[in-house]
Amino acid sequence: MIISKKILYYAMISAIIAPSLSARPKLNNHLTKLFFGKKNHSVLAPRDGEPVKITLMRNGQPAFKILLPAAPSTIDQKAASILKNALDIGTGSNFIIIKEPAASPGAVFSIGKTKLYRQSGLNPSIELGAAGYMIQRKNGNFFLIGGRKRGAISPVIALVEEDFGERLYAVVDGLQMPKLAPEQTIMLRTYRPIFTVRTMFQSESFNAEFQLFNRVGASDSRFERVPAAWGGYTALPTKYFVHTCWQLLPNDKYFANHPEYFALVNGKRIHQGHGGGGHLCWTNPAVRRIVTAKVLKELGTYHTYGLFDISPNDSSGGFCQCKNCQAIAKREGSEAGPLLDFVNNIAQKVKQKYPHVKITTLAYAESKQPPKHLRPTDNVIIRLANEFSAHYPMFNIDDHNKFLPLLKGWNRAGADIFIWDYVVNYGGWPMPWPNLEVIDHNIDVYAKNGVKALFLQSSHYGPGENQGRLRAWVYAQKMWDPRRKIVDLVREFNYGYFGKAAPLMQEYSDLLLNEWKLYRKNHKVTDSTRRILKLSSNYYPKASQIFKQALKLATGDKKLLAKVEYEYISVLFYRLEVLSPKNKAEKKQYIKDLELFSKLANKFQVKRITENSTTTPTRIIEWKRKNNIVAEGDLPVIVTLGAKDASRVGNGAKRYDDISVPSGKVIKLPMDGKEWAVQWFFGSCLFNNTKYKARIQVRIDKKSNSGLAIVGGIYSVSLKKNALDVRINADKLPESGFKWIDCGTFNGSDAASAYFFLAQYANSAASNVYITGIEFIPQGVKPGTIQRRNRPKKLVKPVTSAAKPGAILLKGATAKVEGAAKKITDAGSKVVSISPTSKGWDTKWTISKFLKPNDYKVRALLKIGGVKPGYGIRFGLYSPQARKNLLSKFVQATTIPQYDGYQWIDIGTVAVNDDANAYLFICTAGDKSFKKCLIKTIEFSR
């Protein structure tokens, strides 16, 4: 490699006079331009093929048109729009899209299988598969051809990203397109990704545009994903995503009369559940008949997904020990033997009716060892879980002799292998977790060992993961082409995403990389760091200093400041979780850091810390208890957990959207005797030696007005018994409108490690129970009260009511109202008046006719009066097409300053796509937390 004298000069000067990149910002700007200039599209530049020169512009006009087939598909149209948008922004011109058979003087970018392409004689040199692509040239025209699933979108994205330098680093940033010179170089090439499926179970990637542009997919149908109009994406139906046997043969339906259908463990038949218990008896002929019939029936609905899962529950030690099952297990040397025999049997029958469907099953826990003789049928996919990533996160899979033999064994068995890898800290998602080098190495190993699909499990309940935005982009690029090195991708992201703060953020990435090296140097592979990783004593002082500089640098740049603040959450989390104060001075600073963490977590909607439903407010209370931080009006507090916070919802219970309730979610429990239905783990968020009253917000469908309707309680893991029994009769429960119902009192000392549960009761006086949430109210605190440390003494001064230039304004006069809402005239303007007594949505504006696809900041111009503590107002933007809220913001009435004039209240940011009939709605909780709210204008600004 030849290095220019200019680069050597700046590198030498940097080494001599700059102790860190951040210490010499001007010098670093030179280095940034050298290494990340527009001529070097960094690590994403195409590696293979034939470079050719292309003239995009002549005499200030486009030298190319974009050619579509006479009857273009929606995929062709999307591809053409992506290319046009990139070229228009990059050149400042207007590239024209035409359709065949229109005559086209001059050269074209031919999209998809145009007639011009069919006449060209060009063909891909390899089979393109689902997402591969070809970029070729003939007679001055460029031909963009893609695989069967993503079509022309694949070569277009490759062209604009790898050749022209367009990026979509993060959803919050949108597409970034550099300025293009009239003369460009394009690499003629054909490429097919090694991994046919590249899936991320990570919140930062749950956006259709991000997935499309970065060529990944969501794990299952719970999350936003690439629509069919853009080629769709291989995914599992939510209902049959994983651990499905308890659904395919429910214990509540069969166990009482047919215990032989279930696993024999230590001489007893054990029934099952998603998270525990026994599995099925894999060799029982009746079990095979019942499950086969169920699978075929369900595929009538779900066959379009192309995948369907038949796998054991999420538990260990529950495989069947009956004579027939164990005969196969002993012959095959693994519990995977009887399971695979069971799955193969059903898969063969599925193939007869649905030949395109693949059946997935798990090589996990007892079933991870490959069988000696059995082979998966050609329509069975083995999802091999790399369980060791979570236990040894700083070590590569070939640093120990546990996982690689399993991978090679399943390879020898001829399996289509779908790797399930764990790439996050389950002790706390925001925890700094320097494992990117391990992930880089492991993906290389997967690629070399015949793996066909990757699934990276990460923080999937919401934002807040350590370097989550960076990780989403880096993972996507690494999975698309494993030849790329993650250390280079990290640098590319930092310098492309963080602008003038890039040197500091790269310095932070280097700090984490060094922590990884130190850990490997000072620990053995046998050391387990699954939950708590104590970094070196240098980490926090250095990280804190870097972010102080970055925050100062970003001051005045609202967008950049938000980016840096979001990353700072991880550093603060480490400080609060690991570095407890040792003296009074440290405690004072700890409180400030805790308050800042709380502020930033609220700003960026970091609502959950772990997979087991530890919420951010809960963890904050735990930190305060642990460090004896008690301030006036601060602790103890009312702990409220909504339906969306429930850690487990199963056994027939379902969670669904309901905009009429404050939390926006309701859990429906059918009373049909399936044991527990919903659980909230609330950990150690309550005070010892403090009495609490528990209550639930509920309504029911009654079968009779007498008798027991709800059963449940608080189970203490430490005491191994209930700290509270809940039994509520039907005559105390409403049938319409949710009501808070007292469940009894308990001692916080008994609930240091506990969960609140509600069960389905077969003899219930209710046919269905609907729950919106639970509350724990400390003794001496009244429900509905809000305790504050710094209650403002004066009313906040009015802010200007001016709209932003170019904003789209929806006036109160154009709203649709119902219920207790009405339109009135206030100071000469038509406004919407909202009453707090409404129980449904009050006001809505259909936005699809006003807004073009884009990212918008939303705010409301309103005034409010007669405020009391309570739930307040909810704003949302609902898409009937996506069948979910694109935006949801709940504003407590007490957080809105009161005065005579109107004021702007920020609602949030929303990505509006082509969502037909989408509407913005406003509703209240019906809790009388204010007397009147007048809404004058809703504003959408870019």
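What follows is a conversation about a predicted model of a protein chain.

Biologist: What makes up the protein chain, in helices and strands?

Modeller: The protein chain has 21 helices and 42 strands. Of its 942 residues, 56% count as buried. The accessible surface comes to about 40400 Å², and carbon and sulfur atoms hold 51% of that surface. Among contacts between residues at least 6 apart in sequence, 74% join residues at least 24 apart.

Biologist: How do you know that the span of helix H3 agrees with its number of residues?

Modeller: H3 covers residues 74-91, which is 18 residues. At 1.5 Å a residue they should span 26 Å, and the end C-alpha atoms are 26 Å apart, so the two values agree.

Biologist: Which residues of H3 are buried?

Modeller: They are Ile75, Asp76, Lys78, Ala79, Ala80, Ile82, Leu83, Ala86, Leu87, Asp88, Gly90 and Thr91. As a general point, an α-helix has 3.6 residues a turn, so residues three or four places apart point the same way.

Biologist: What follows H3?

Modeller: Gly92 follows H3, and its phi is positive, near 75 degrees.

Biologist: Why is Pro376 called buried?

Modeller: Buried means under 20% relative accessible area. Pro376 has 11% relative accessibility, so it counts as buried. Its place is in the loop between strand S17 (358-363) and strand S18 (380-386).

Biologist: Which residues is Pro376 in contact with, leaving aside its neighbours within four places in sequence?

Modeller: Pro376 is in contact with Leu340, Asn344, Ile382, Trp410, Ala413 and Ala415. Ala415 is 39 residues from Pro376 along the chain, yet their C-alpha atoms are separated by 6.0 Å.

Biologist: What is the phi of Ala365, and where is Ala365 placed?

Modeller: Ala365 has a positive phi of about 55 degrees although it is not a glycine. Ala365 is in the loop between S17 and S18.

Biologist: Why is Gln605 called partly exposed?

Modeller: The class lies between the buried limit of under 20% and the exposed limit of over 50%. Gln605 has a relative accessible area of 31%, so it is partly exposed. Gln605 is found in the loop between helix H20 (584-603) and helix H21 (616-626). Its phi is near 60 degrees, a positive value in a residue other than glycine.

Biologist: What kind of peptide bond joins Glu100 and Pro101?

Modeller: A cis peptide bond joins them, with omega about 10 degrees. Pro101 is found in the loop between strand S5 (97-99) and strand S6 (107-111).

Biologist: What lines the second largest pocket?

Modeller: The second largest pocket holds about 960 Å³ of space, and 36 residues line it. Ala130, Lys149, Thr196, Val197 and Thr234 lie nearest its centre. Strand S10 (197-201), helix H9 (285-302) and strand S19 (416-422) are the elements that give two or more residues to this lining. S19 gives the most, with three residues. By class, the lining of this pocket has 17 nonpolar, nine polar and ten charged residues.

Biologist: How many cavities of 30 Å³ or more are found, and what makes a space a cavity?

Modeller: A search of the whole structure finds seven. A space is called a cavity because a 1.4 Å probe fits there but cannot get out. The largest cavity has about 170 Å³ of space. Of the 16 residues that line the largest cavity, Leu436, Val490, Ser509, Leu512 and Leu513 are the closest to its centre. Helix H14 (436-448), helix H16 (486-497) and helix H17 (502-522) give two or more residues each to this lining. H17 gives the most, with six residues. The lining of the largest cavity has nine nonpolar, four polar and three charged residues.

Biologist: What lines the second largest cavity?

Modeller: The second largest cavity has about 120 Å³ of space. Of its 18 lining residues, Ser389, Pro393, Tyr422, Val438 and Asn442 are the closest to the centre. Helix H12 (388-391), S19 and H14 each supply at least two residues of this lining. By class, the lining of the second largest cavity has twelve nonpolar, five polar and one charged residues.

Terms used: Residues numbered from 1 in each chain as written. Predicted model: local features only at pLDDT ≥ 70, side-chain atom pairs only at ≥ 80, totals over all residues. Heavy atoms only, no water. Helix = DSSP H or I, 4+ residues; strand = E, 2+ residues; numbered from the N terminus. Expected span 1.5 Å × (residues − 1). Buried < 20%, exposed > 50% of the residue type's maximum accessible area, 1.4 Å probe, protein only. Contact = heavy atoms within 4.5 Å. Areas by Shrake-Rupley, 256 points an atom, 1.4 Å probe, with all protein chains shown as cover. 1 Å grid on protein atoms, 1.4 Å probe; cavity = no way out; pocket = protein on both sides within 12 Å on 5 of 7 lines; lining within 4 Å. Points joined across faces, edges and corners; volume = space filled by probe spheres on them. Nonpolar A, V, L, I, M, F, W, Y, C, P; charged D, E, K, R; others polar.
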